[in-house]
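Visitor: I would like to learn how to read a few local features. Please take them one at a time.

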Amino acid sequence: MTTNAHSSRSLRNHPGAAAVALAAVTVLLAGCSSSDDTSDPLAGDKAAGDTVVVGSNNFAESILIADIYGEALKAKGIKVSYKPNIGSRETTYGLLKNGSITVLPEYNGSLLAYLDAKAEQTSLATVNVAAKAKLDSKLTLLESSPAEDKDSVTVNAATAKKYNLTATSTLADLKDIAPELVLGGSPEFQTRQQGILGLESVYGLKFKSFKALDAGGPLTQAALKKNTVQAADIFTTDPTITKEKFVVLQDPKNLFGFANVTPLVYKSGLSQEGIDALNAVSAKLDTKALLDLDSQVQLESKDPLDVAKAWLKSAGLG
């Protein structure tokens, strides 16, 4: 998975992370200050025994949800530090395994596809069972929220008009069109089953070319808006879809599977009280709420920490 529009803001991590966080992330989150932790998020040091380290991937929604998780834990008196905006799953999963991150916002089906590209995704329950079975023994998934945010192939308004694509059009409708389109997305989208590999094997799509940008962030959005790319991997809770009149193509073969927001945790680093706090977040967070929170951060340029705290308070969790 992973998400979304960002406005200009300074990062909360050490400059050493810049090699992993794409150059574009320097415009991710202005005034983003959920933690005074300035340690290198890629450093492999484990946290002190009484500190829960909440990490996030390199897109705005992940940072926002990490703030929600961290502040929910703090509300229970748990000591928290943050390692935000680290990079893609290919990086953060390793940091979880070695215990340098305790909690990370994940998307259950996307995680399963990373762990087992051939795994079938037939229901929320079966996805979670399969993902837990494939996880490193030191890790586990907590309860999934109803909130879902999937990858998608989305076209800009000009492309939709040119090829008569609407909200009811599917990925299969691109088969004859794809050779004329440049597809944009994160570098890892090129090598994932829930990416170019699956688009070709499941839908038979072969695009004119691929332009490596960022994970549904400002580079991807700008390229799609400017028609530098005509189609792109845009996350389904991205508020710019409505703002820019982008058209999300339907996925009837369920290539992009399930993508429910789910805490991934390093087992020995989180107490039962912490587990209960995060499960309480999952019970309250749905897709409508997530879209609203994303809009506040990405369109209204609100600090994600402030947005996280306000939502937790409204949900009775802060």
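**Around Asp-286**

Guide: The side chain of Asp-286 reaches the backbone nitrogen of Ala-289 at 2.8 Å. That is a polar contact: a pair of N or O atoms within 3.5 Å, where, within protein, one must be able to donate a hydrogen and the other to accept it, and residues adjacent in sequence count only if both atoms are side-chain atoms. This is a predicted model, where local features need pLDDT of at least 70, side-chain atom pairs count only at pLDDT 80 or more, and totals for chains, interfaces and linings use all residues. Residues are numbered from 1 along each chain as its sequence is written, and side-chain values use heavy atoms, with hydrogens and water left out.

Visitor: Where is Asp-286 found?

Guide: Asp-286 sits in the loop between helix H9 (272-284) and helix H10 (287-298). Helices (H or I, at least four residues) and strands (E, at least two) are DSSP runs, numbered from the N terminus.

Visitor: Which residues does Asp-286 touch, not counting those up to four places away in sequence?

Guide: Contact means heavy atoms within 4.5 Å. Asp-286 touches Pro-146 and Ala-147 on that count. Ser-145 is 141 residues from Asp-286 in sequence, yet 6.5 Å away in space, C-alpha to C-alpha.

Visitor: How many residues of helix H3 are buried?

Guide: Buried means under 20% relative accessible area, exposed over 50%, partly exposed in between (1.4 Å probe, protein chains only). In H3 (residues 108-115), 6 of the 8 residues are buried, so this helix is largely enclosed by the rest of the structure. Leu-111 and Leu-112 are among them. Their cover includes helix H2 (89-97) and strand E10 (261-266).
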